[in-house]
Amino acid sequence: MKRKRSKVLKTADEIQAAINKKSFELNYNGGTIWCEHLDGMADLEQEVIEKFKRDLPNLMRPSVSSCMIINLDETVITKAIEDVIVNGLVDGNKQFRKIAFVGVDRKTHLKFSEIHSRTGAIVNFLDDYEKAKEWVL
């Protein structure tokens, strides 16, 4: 079952740019945040999953921040995507302090809240990327 936050029509070039967008560690307000960019990928479930799996080894490194933003705005969030994100973060060897999700509908909050109950990481849901940066740090 697919869950849509909003119906967004994107061109092939916009979707390709979203797929190619790199996730990275951001220096912000005296700290660092891992920024996981899975946004703008429309209904390309397999590409979202593959991108997240490719990023996992980098974000799990001990030297990478334990504060994270996962941006899913303008991406259709399926059960498979939910499962990969939750299991990837919970089963990894890293303890996260704070995780902000951007662009996630209310139906998906419950699944992503499992991260808190299984790891103790504080999880929040925001609609604005700038607000997410402020909340995480």
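Helices (H or I, at least four residues) and strands (E, at least two) are DSSP runs, numbered from the N terminus. The structure is a predicted model, in which local features need pLDDT of at least 70 and side-chain atom pairs count only at pLDDT 80 or more, while totals for chains, interfaces and linings use all residues. Residues are numbered from 1 along each chain as its sequence is written, and side-chain values use heavy atoms, with hydrogens and water left out.

Ala42, in the loop between S3 and H2, has a positive phi of about 50° although it is not a glycine. Ala42 is buried, with a relative accessible area of 13% (buried means under 20%, exposed over 50% and partly exposed in between, with a 1.4 Å probe and protein chains only). Glu74, in the loop between S4 and strand S5 (77–78), also is not a glycine and has a positive phi, of about 60°. Its relative accessible area of 31% makes Glu74 partly exposed. Most residues other than glycine have a negative phi.

An open sheet is formed by five strands in the order S2-S3-S4-S6-S7, with mixed pairing (two strands pair if DSSP finds at least two bridges between them). Strand S2 (24–28) and strand S7 (122–126) stand at the edges with a single partner strand each, so one side of each is left without a neighbour in the sheet. From one strand to the next, the twist averages 25°. Strand S4 (residues 67–71) pairs with strand S6 (residues 98–102) in the parallel sense over five bridges; the bridge partner of Cys67 in S6 is Lys98.

Helix H4 (residues 106–119) packs on the sheet and touches S6 and S7, its direction making about 155° with that of S7. Contact means heavy atoms within 4.5 Å; axes are lines fitted to C-alpha atoms, for helices over the stretch in contact, and angles run from 0 to 180 degrees between N-to-C directions. Helix H5 (residues 129–136) lies across S2, strand S3 (31–37), S4, S6 and S7, and runs at about 170° to S6.

The lining of the second largest pocket includes Ile19, Trp34, Lys51 and Asp55 (a pocket is an open set of points on a 1 Å grid over the protein atoms alone, where a 1.4 Å probe fits, with protein on both sides within 12 Å along at least five of seven lines; lining residues have an atom within 4 Å of a point). H2 gives the largest share of this lining, four residues.
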